[in-house]
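Dear colleague,

I am handing over the structure that you will be working with. Please look through it first and then read the notes below.

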Amino acid sequence: MADRSGRLSRISSVFLYQIRSVLRDRRTIFLAFVLPLLIVPAMILLSGWITDVREEQRESVEIEYAVAGPHSERAANMVRLAGQHTAENDTLTSLALKEETPDSPLSSLADGELHLVVRLVRSSKIHGEGESGTSKTPMLVLYYRGDSDESGWAMEELGSALEGLRAAQRRELLLSSAAVTEPDSFMALQLTDLAPEGRAAAYTIGRLTTLFVLFFILAGGSVVAMDLVAGERERGSLETLLTTSVTRRELAFSKQLIVLAIALSICILQVLNLLLYTSLGLLESPLAEAAISPARLILVLLLLLPVAFLASGILLLISSRARSYREAQILLFPVVLLGAVPAAAPLIPGISLGSVALVIPVANIALAVRGVLTGGVNPTLAAVSWIITGGAGIAVSLWSAKLMGSSLSPEADVLPSSPVQLRLRLFSKSAPRAFLPMFALVLVSSSLFSDDLALQIIANTVLILLGGSLLLLRRYRLPLRETLGLQLPSPFIWPFLGAAVPAGIVLSSHIYRLSTALFPTSARMMEEMYARGIGLDAPLWQLLLLGAIVPAVCEEAAFRGVLLGSVRRTVGSASAIIISSLVFGLFHMTAVRFLPTAFLGLMLGLSVVLTGSLLPAIVWHALNNALALMLSGTSLDPTSPGTLPTLAAAATVAAAFYVMARTRSAPSPQVALDKRHRGDG
Amino acid sequence: MQDSTIQIENLVKVYHDRARGEVRAVDDITFSCRSGEIFGLLGPNGAGKTTTLRTVSTVLQPTSGTVRVMGIDARQDPVGVRRSIGFYSSTTALFPRLTARETLRFFAEVNGYTGDIRQRVEEVIHDLDLGSYADVRVDRLSQGMKQKVSLARTDIHDPPVLILDEPTTGLDVLNAREIRNRISTLRDRGKTVLFSTHIMAEAEKLCDRIAIIHEGRLLGTGTLGEIRERTGERYLEDAFVKLLLRRGADG
């Protein structure tokens, strides 16, 4: 197109002039660049200073203690001996002890007048039962207060002094009595950390890097992003831009580039900052031992690119959605908090990239970054993480392009002209959100009924998915048949659909293989899952009812009927098919089933969009499940079909979709409902 | 009509306001403008002038009716329409941290001005006598200077059609006069200026043809002479009131 160069030059003009304008704002420069650069060394210095001060205070404390109990004389003696022992031994710092004699030592300790109370008891059960000779061992009990720093230090100091004294006394005892040889020749103990030098520090850095960088991007980028749309809308310069030849998409794209440029500069600055403190050792800190190589840091930077892109897109989205600068700032806070959650994934014990975390944007990158900094990462998984997070970034930026112009015009407040239309609109806004609590419920019920598959299926599909969908329809008083699209499609499609079911299974077996390659550890789990499913030990009709028909009806009503139908009205058919498939995949909980399920969802979603009816999807889904159940019971293994069968399968599925598209008679369910009610009321 | 640069037919813009319900901001308006003329939209505040102009400039979508600018349908090709217009309104602000010269260069680039941008910018700076202020940041300029830069920004890509929504509001006599002179100059160069105002004297002084608008409806269109003739009133203000009363009697 001839306009392509014009488009590029418009985007670059907006980018260049706006970034110039952004960089002239001193507030932005300070918040986005100077502050983060100062924070890291300031934090290191501060933590060093705090350690020093505490150490100093600790050393200067005079331990005020009292003895209590029947053997107080002996207890006091032991404490004094311990004090002398530290004074004679140069490996320990000498203790400054001061004995007090209050009337009631324990209540004085409680009032904060004492640091410690020492009490000697004669315990009969210190060592294991049945050991003779230990029944009368004296035991010193140290009472201290955990809510006071000084009391805690006193406990530690006196405790270790008493330990030292005990060891010395034992040694003397051994030497003077039975020991033939020097007691130390019996055994010496040394603790050695086998992790390479600095690995512990690298581990700490690796777990926190994404979280820190994301936080700085959100903090610094937000100043720019909020100003670029919400601020400009308020000042009026956005409207000026919207009346020029720049399209909304070009505008959104160039504005996202600006936020991204700022975010990336912050990212690079922070990584360089890290380099400065870790490699050059400019500041003394345990983190400086990490000694991360520049090559690894560059890899980290590359991995963080899609995070920066997604974060800048989200910031711009908030800014586009808000009607004012103030509203944008209010919306920003929860988003920063929520954004931190996936970035904190590496802090969760035992989590790895080869889990469901792989499909969660940001969390997957955070795990990959940890991998790079602490050892190794699977390059395929890192690439998949990169693509998933980057893809989420693109989706968000398209969305903000849509919102950018909308709240400028009064059309944002246009109310639909009929009650049914209004309810449909409210429905399509709230229905997708309803899948979040549904997901939580499915999560709970799956762990609750993990032993009973039949109960689990009924709870998840009938109660939660179908029940939730029906509740939504009832809440917005929408007709069941028309909203879900339960009208009959053309009869011609059925034979083609019948052929498409096994063909679809052949195609999805490839996806399954890909999925098991991505999640290698999960193959065993899959077998177990199948074994359990077959182990239902139920008659065939029950197996088909619970394994095929019930899930087909309930899941189609929820994912294709409610979710696809409602999302479609806001984002269009193609995106809606993809979104509903991804959610469909996520609801199947296990990582290895995610991709194959989502693929089935794509085919089912397409059938709904092409025929305008939910029924083909229900039939397809049921037949698919039934066939898969039967195949898993036989020795027939469909996991590795050859090229020719695969091509034939693809052609069969394509033919089915072609027939669906050609014979289509009814318009899309909710669109039809909307059209019919336009203008009345 | 070949020589119509702006054609508006049966334009309706309805929006729904939570407080007032359905508002017909523009109710079945039809008029057209030619090149080399200043067409004034005259009416009190809230008459529907701004909504009409924003619809012509594609910031708003019409509820029904058609808008054509230089033969391009606003609904089908909004970018095409925006390429051939310059739009100014009190809600279209400049970028505070760019200088006047940078602002003009930016809008020339973004609107795809095909000639020598540097030369064009200097020309406009000279025409509007912005010289000494050209390198001062916009947020440090006075209101009058800002408005001048805004007007220059509207015209920088040399579009055939200018749409100006109350361009003299908030200005003192001298600055307003300067802006009016500039508008006349642009007309003399063959441009179409669609211009709105609630000041009768300004319309009288500046406009070749006038459309009187009230509560979203057109009360009358024509040259000043034609409106005088039709109402039998010498002053536009009296003519306006007479048209309003006549409409009331009809309704």
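Which residues are buried in helix 22 of chain A? Please keep in mind throughout that this is a predicted model. The buried residues of this helix are Ala649(A), Val653(A), Ala656(A), Phe657(A), Val659(A) and Met660(A). They lie on the same side of helix 22 of chain A, because the arc that they cover around the axis is only 160°. The other side of the helix carries exposed residues, among them Thr643(A), Leu647(A), Tyr658(A) and Arg662(A). The partners against which the buried residues pack are helix 16 (493-518) and helix 20 (591-611) of chain A. As for its length, helix 22 of chain A runs over residues 643-662 and reaches 28 Å from its first C-alpha to its last, close to the 28 Å expected for its 20 residues at 1.5 Å a residue.

Helix 20 of chain A deserves a paragraph of its own. Of its 21 residues, 19 are buried, so this helix is largely enclosed by the rest of the structure. Its end C-alpha atoms are 31 Å apart, which agrees with the 30 Å that its residues should span at 1.5 Å a residue. Just after the helix comes Gly612(A), with a positive phi of about 75°.

Helix 20 of chain A also packs with helix 19 (residues 573-586) of chain A, at an angle of about 140° and with the axes 8 Å apart. The crossing of these two helices is right-handed. On the side of helix 19 of chain A, the residues that meet helix 20 include Ile577(A), Leu582(A) and Phe584(A). On the side of helix 20 of chain A, they include Phe594(A), Leu602(A) and Val609(A). By class, this contact has ten nonpolar and seven polar residues, but no charged ones.

Elsewhere in chain A, Ile314(A) is found in helix 9 (residues 294-321). Is Ile314(A) buried or exposed? Ile314(A) counts as buried, because it has 27 C-beta neighbours inside 10 Å. Leaving aside neighbours within four places in sequence, Ile314(A) is in contact with Val335(A) and Val396(A). Ile314(A) and Ala395(A) are 81 residues apart in sequence, while their C-alpha atoms are 10.0 Å apart in space.

Let us turn to chain B. Its secondary structure comes to nine helices and ten strands. Of the 251 residues in chain B, 44% are buried. Among the contacts in chain B with a separation of 6 or more, 68% are between residues 24 or more positions apart.

Thr58(B) is buried, with 23 other C-beta atoms within 10 Å, whereas Glu215(B) is partly exposed, with 16.

Finally, where do the two chains meet? The contact takes 27 residues from chain A and 25 residues from chain B. On the side of chain B, the elements that give two or more residues are strand 1 (4-17), helix 2 (78-83) and helix 3 (100-110). The largest share, five residues, comes from helix 3 of chain B. The residues on this side of chain B divide into twelve nonpolar, seven polar and six charged.

Yours sincerely

Key. Residues numbered from 1 in each chain as written. Chains lettered and ligands numbered in written order. Predicted model: local features only at pLDDT ≥ 70, side-chain atom pairs only at ≥ 80, totals over all residues. Contact = placed C-beta atoms within 7 Å. Helix = DSSP H or I, 4+ residues; strand = E, 2+ residues; numbered from the N terminus. Nonpolar A, V, L, I, M, F, W, Y, C, P; charged D, E, K, R; others polar. Expected span 1.5 Å × (residues − 1). Buried ≥ 20, exposed ≤ 12 C-beta atoms within 10 Å, placed from the backbone. Arc of directions from axis to C-beta. Axes fitted to C-alpha atoms, helices over the stretch in contact; angles between N-to-C directions. Left-handed = near helix turned anticlockwise from the far one by under 90°.
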